[in-house]
Amino acid sequence: MYEVRRHFSALAKAMNKLPDWIQDHPEALKTKGLSTTLTLTDTQLNEFLRAQSELLKDFTIAFKPNLLSLQGRSGSMEVAVTGTYTVENEPKNAIMFHMDTLVFNGLTLPDTTRDDLVRDFDLGFYPQQVMAYLKADSVNLEDGKLVVKLKIGK
């Protein structure tokens, strides 16, 4: 579990830098009237994550309809994760990751282990870190894309 936690820590630190990447890549944001859509491909996210940490270079995220999958290997460790995203408004507006399965070296780990990892390592995305006035309205996982509808909010 030490190695799994080390990799999740690297992933959480990288996700904390995602708002900066989005600001540097305005093509990911499209505005129409009062709504904005953030579209991030799995290819873009993988390139971003691999640039953030050597620990993430052998891991791949794939977006599928209503599902995120992450698979990778590091030395003798092999990990597979599946999950989804939801919009949460408490304690603050965010796109939060919910882990459905965690498989370590072929063994499906219990819910308590998954819950501990999600609680200990924040893999969420906070739109206000991109622009203070943005609020997530919806999130959809499509084939190869994460699509977040944003609106102006407090």
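E3 and R6 both belong to helix α1 and sit three residues apart, about one turn of the helix. Helices here are DSSP runs (H or I, at least four residues), strands are runs of E of at least two, and both are numbered from the N terminus. The model is a predicted one, in which local features need pLDDT of at least 70 and side-chain atom pairs count only at pLDDT 80 or more, while totals for chains, interfaces and linings use all residues. Residues are numbered from 1 along each chain as its sequence is written, and side-chain values use heavy atoms, leaving out hydrogens and water.

The side chains of E3 and R6 form a salt bridge, with N to O at 3.4 Å. The term requires a side-chain nitrogen of Lys or Arg within 4 Å of a carboxyl oxygen of Asp or Glu. Side chains of opposite charge can pair when their charged atoms come close. Counted by this rule, there are eight salt bridges. As for accessibility, buried means under 20% relative accessible area, exposed means over 50%, and partly exposed lies in between (1.4 Å probe, protein chains only). E3 is partly exposed because its relative accessibility is 28%, and R6 is partly exposed at 35%.

Another salt bridge joins the side chains of D116 and R119, at 2.3 Å from N to O. These two residues are three apart in helix α4 (residues 111–120), so about one helical turn separates D116 from R119. D116 has a relative accessible area of 33% and is therefore partly exposed, whereas R119, at 59%, is exposed. K145 and E142 also meet through their side chains in a salt bridge, at 3.8 Å from N to O. K145 is partly exposed at 32% relative accessibility, and E142 is partly exposed with a relative accessible area of 33%.

Helix α1 spans residues 2–16 and packs with helix α3 (residues 42–52) at an angle of about 110 degrees, the axes being 9 Å apart. Axes are lines fitted to C-alpha atoms, for helices over the stretch in contact, and angles between N-to-C directions run from 0 to 180 degrees. Angles under 35 degrees count as roughly parallel, over 145 as roughly antiparallel, 65 to 115 as roughly perpendicular and the rest as oblique. The pair α1 and α3 is therefore roughly perpendicular.

Where the two helices meet, L11, A14 and M15 of α1 touch L45, F48, L49 and Q52 of α3; contact means heavy atoms within 4.5 Å. By class, this contact of α1 with α3 comprises six nonpolar residues, one polar residue and no charged ones. Nonpolar covers Ala, Val, Leu, Ile, Met, Phe, Trp, Tyr, Cys and Pro, charged covers Asp, Glu, Lys and Arg, and the others, Gly among them, are polar.

Two strand residues complete the tour. V79 is in strand β5 (residues 77–88) and is buried, since its relative accessible area is 6%. Apart from neighbours within four places in sequence, V79 contacts V4, F59, L70, Q71, G72, L102, V103 and F104. V79 and G106 are separated by 27 residues in sequence, with their C-alpha atoms 7.9 Å apart in space.

S69 lies in strand β4 (residues 67–74). With a relative accessible area of 10%, S69 is buried. Leaving out neighbours within four places in sequence, the contacts of S69 are T60, I61, A62, K64, V81 and T82.
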